[in-house]
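Please open the structure in a viewer and keep the selection tool at hand. Each stop below names what to select and then describes what is there.

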Amino acid sequence: MEEESGSSQGPVACGSWIRRPEKVNLAVLARSRKKRGDSSSDSSSSPSVLQIFSFDPKTASLSSSPLTTYVLEEVDGDPVSITVHPSGDEIVCSTTKGGCKLFELVSHDSQTRLLAKELPPLQGVGPLKCIAFSVDGSRFATGGEDGRLRILGWPSLRIILDEPKAHKSVRDMDFSLDSEFLASTSTDGAARIWKTEDGAPLTTLTRNSDEKIELCRFSKDGTKPFLFCTVQKGNKAVTGVWDISTWNKIGYKRLLRKPASIMSISLDGKYLALGSKDGDICVVDVKKMEISHTSKRLHLGAGIETLEFCPSESNNSLSPFSLLKITEEWQIYMLLLGMFLASAVVFYIFFENSDSFWKFPNQAAKPKIGTILGDPQSSDDPNVWGPLDM
């Protein structure tokens, strides 16, 4: 396909960071087609596209114009999800009609191009909500809304697992750091662990009748063999931790304190991020398992669908505050206005209660993981660990 230029663009459907060997930070955004009449102020239309942008860590911004644009064919439909091979050379995009599309990212003489390639096992398989490469790049997994789970060898495309009824409907999945395991969750609250070498089911995570396991991410620091999962326990949202050496539950914490729509972990494993269904984000220090940063309503009440830590310009670690947030320009101005008004309200409250402002309670020492400190469900403190029995 030829590159297309123009100011009329459809909404961003998904995106991902691209790590390149030359230590250049790039990002790929997939935009859905914009139909004529979608906006009362714009009668133009545009096709579905993939766009590659450069990223400047100093200003925390993408380039004003894409380095390259690939136009998807109309028969492919709109992009659903996207993932990038750890080498940064290959991109896979799932579409509503055309299954998975494979692209090779080619850079030569300061020119960047996306070249479409064949991906026979995954052509015409329908929309796949979850697609991911293993950490070492040797495996590729897909999870469909129909509950079908696949694991393929990469780049051979050898089918390791093709389980039509793995789940009611796949909600999330993640590879372990050593690429030995794949965790997958279902919309009905179940979570299963698979061996990636032969695709054999290993175990199903235990849960109580009132619990639904929703999102999952393996620890990535190489020292703590944990699996983090968001769990909806009744009307409370918590983050649970499983020991992957035994697959036993260790405990849980209330971090985001509301249902999460997305979870991400930095490649160095130091930080965990949660995005909510109404646009909030919290970043957690994994070593302390405490919240280090929160941001409210970054997307004006819209659910966060894509959330990734940005690779650092100077090394392979990740900046915990440089998150890929798909936000339109007008939303940024509204966010700044909201922050200003919120600051004014907080200042007024502090002024009216100045006598007690500095009277903070003393904090008790944080217990070790798994220590029982009573019933944390009666408290909103995000730094209280729950008992082993969730």
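Select glutamate 104 and lysine 117, whose side chains meet in a salt bridge with N to O at 3.8 Å. A salt bridge here is a side-chain nitrogen of Lys or Arg within 4 Å of a carboxyl oxygen of Asp or Glu. The pair links distant parts of the chain, 13 residues apart: glutamate 104 is in strand S8 (residues 99-108) and lysine 117 in strand S9 (residues 111-117). Strands are DSSP runs of E with at least two residues, helices are runs of H or I with at least four residues, and both are numbered from the N terminus. Glutamate 104 counts as partly exposed at 29% relative accessibility, and lysine 117 counts as partly exposed at 39%. Buried means under 20% relative accessible area, exposed means over 50%, and partly exposed lies in between (1.4 Å probe, protein chains only).

This is a predicted model, in which local features need pLDDT of at least 70 and side-chain atom pairs count only at pLDDT 80 or more, while totals for chains, interfaces and linings use all residues. Residues are numbered from 1 along each chain as its sequence is written, and side-chain values use heavy atoms, with hydrogens and water left out.

Next, select aspartate 278 and lysine 258. Their salt bridge has its closest N and O atoms 3.1 Å apart. Aspartate 278 is in the loop between strand S23 (271-276) and S24, and lysine 258 is in the loop between strand S21 (248-253) and strand S22 (260-265), 20 residues apart. Lysine 258 is partly exposed, with a relative accessible area of 22%.

How many salt bridges does a search of the whole structure find? The search finds 14. One of the pairs to select is aspartate 78 and arginine 33, with N to O at 3.3 Å. Aspartate 78 is in the loop between strand S5 (68-71) and strand S6 (79-84), whereas arginine 33 is in the loop between strand S2 (25-31) and S3, 45 residues apart.

The next stops concern the backbone. Most residues other than glycine have a negative phi, and most peptide bonds are trans. Select alanine 60, where phi is near 50 degrees, a positive value. Alanine 60 is in the loop between strand S3 (49-56) and strand S4 (61-62). Is methionine 289 buried or exposed? With a relative accessible area of 5%, methionine 289 is buried, whereas alanine 60 counts as exposed at 51%. Phi of methionine 289 is also positive, near 55 degrees, and this residue lies in the loop between strand S24 (281-285) and strand S25 (290-295). Then select tryptophan 154 and proline 155: the peptide bond from the former to the latter is cis, with omega near 10 degrees. Proline 155 lies in the loop between strand S12 (149-153) and strand S13 (159-163).

Finally, select residues 170-204. The chain there is 0% helix and 60% strand, and the end C-alpha atoms are 14 Å apart. Within the loop between strand S16 (191-195) and strand S17 (201-204), select glutamate 197. Glutamate 197 is exposed, with a relative accessible area of 60%.
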